[in-house]
Amino acid sequence: MNKSSKKTPQNNKKIEFVRGQTLEEEMRTEGETTEEAETTVEDTGAIQRWHYYALGGGPDEEDQPEHIDKEEESYFRMDEPTGQENERHVELCTISPRGHLIPREIWKTLHTDYFAPLTKWGKGIMGKTNRVYPHPNQWTFENTPGRKPIDQIGVNEIYRALTATKRTAPNCMQNWEKRLGPGIPWRAIAENVTKGLGTNRDTSSWFKNILHRALYLKGKGGQKAACSACYQENEDWIHLWRCPIWARHWEIIIEDINKMLPPIQGTERVKVGPDFIYLGIIDEDTTPHVLPSSLALLHAIIWKYIIMELYKVSQNEYYKVSANEAFRKALRRYTTRIRANLRKAQKARARSIHQEYDHNNDLINKKLQPVAHIDDECEEIEWHPVVHRWLALAGAEEHDTITPTFTPEW
Ligand SMILES: [Zn+2]
């Protein structure tokens, strides 16, 4: 590109600068200038355009050095057209110590090719728009209330962003109670997470995405967006638990769990509904309880695999979610986790023999019921008949009548 062939209307104009305000002077006058700017917006009733620009090197200035000292840039305020095509009167500005532009009542005319747009940072300038990063209108911190532009973020927002993951979440608790009603057994839910059979790897996905409601749902908050699993209804919390893609499988799990937990006064413990599907709550109509820790782990692991499917479809719109796969993988992972307790018990028993003390599996068996039981000799793990069927379905274990390669559509 040959720059000399371009017309250079500003070259013959000498640009003069005067001293800007000192920081102290500027802070004294800042209140006034702010008010002035705000009045302008009210008067015109329109979105105020920012009329400040930097002097650019013409339409192609890519070959300019990467780092430009802001002090050495020339800034101006755009004023009336001159009558010549694409030419404007401009008022030169100085840049204050705090990055504010101050018009100096020195007037020039300039071709609009040499107007380089500026990006504001707060009330000052950040630099030429094509060079600034991060752009304040495009970036903000996660978890800041109201998604404030980054240049308006203060200590308060940064604190909230940093502590978002550590807060015990009163917001999510309130939100769930608003939807499911009061009386959610939070303590029992928390105990299943912290003292249950699962590891962080098993439960954190459900914990963050469902319990803390961090799952990204396209149709949340009044927006309209079809569910990425069934394409039939709006993708939000009202829909997710009853989305037909997953619901069929949840119903089978619920039926199975009702076979494992003895009914109370003839009433089944688990009902199909958001209380159970989201939070694992049972006996919801009388005194709400949570699943025993053994089954709470299954509940969390199922969510982990559902969330993984939802994530895959969010990354690739052509991906077809497979509920069958998600539930199969969940059952396989779950039974593997439960089985790991047998090895742990065997080690504990070996240690007890070595150190000559009595060993029993009461503690672990209490946690495992009603899903499984480990005999005191630690020879094998006995599964509840329902779980025995899950094992076969998941292809996780040899079975007399069903081979592990069996892939059921269930
Ligand atoms: Zn759906």
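Before going on, two notes on the model. It is a predicted model, in which local features need pLDDT of at least 70, side-chain atom pairs count only at pLDDT 80 or more, and totals for chains, interfaces and linings use all residues. Residue numbers start from 1 along each chain as its sequence is written.

Some terms next. Strands (E, at least two residues) and helices (H or I, at least four residues) are DSSP runs, numbered from the N terminus. Two strands pair if DSSP finds at least two bridges between them. In general, the strands of a sheet pair through backbone hydrogen bonds, either parallel or antiparallel.

β5 and β6 run antiparallel and are joined by four bridges. They form a hairpin with two residues between the strands, and Gly122 in the turn has a positive phi of about 60°. On to β1, residues 52–55, which is joined to β5, residues 115–121, by three bridges, again antiparallel. Here Tyr53 stands opposite Pro117 in β5.

Now the other strands. β2, residues 75–81, and β3, residues 87–95, run antiparallel with five bridges between them. Arg77 has Glu91 in β3 as its bridge partner. Five residues lie between the strands of this hairpin, where Gly83 takes a positive phi near 105°. β3 also pairs with β4, residues 101–111, in the antiparallel sense over eight bridges. Along this pairing, Val90 has Lys108 in β4 as its bridge partner, and Arg88 stands opposite Leu110 in β4. The β3 and β4 hairpin has five residues between its strands, with Gly99 at a positive phi near 85°.

In what order do the six strands of the open sheet stand? The order is β4-β3-β2-β1-β5-β6, with antiparallel pairing. The edges are β4 and β6 (124–128); each has a single partner strand, so one side of each is left without a neighbour in the sheet. On average, neighbouring strands of this sheet are turned by 45° against each other, direction ignored. For such angles, axes are lines fitted to C-alpha atoms, for helices over the stretch in contact, and angles run from 0 to 180 degrees between N-to-C directions.

Next, a few loop residues. A residue is buried if 20 or more other C-beta atoms lie within 10 Å of its own, exposed if 12 or fewer, and partly exposed in between, with C-beta atoms placed from the backbone. Leu197 lies in the loop between α4 (186–195) and α5 (200–211). Is Leu197 buried or exposed? Leu197 is buried, because 23 other C-beta atoms lie within 10 Å. Contact means that the C-beta atoms of two residues, placed from the backbone, lie within 7 Å. Leaving aside neighbours within four places in sequence, the contacts of Leu197 include Ser293, Leu297 and Lys367. Its C-alpha atom is separated by 9.2 Å from that of Ile364, 167 residues apart along the chain.

Last, the backbone. Most residues other than glycine have a negative phi, and most peptide bonds are trans. Arg213, not a glycine, has a positive phi of about 55°. Arg213 is partly exposed, with 18 other C-beta atoms within 10 Å. Glu356 is not a glycine either, and has a positive phi of about 55°. With 6 C-beta neighbours inside 10 Å, Glu356 counts as exposed. Finally, Gln369 and Pro370 are joined by a cis peptide bond, with omega about 0°.
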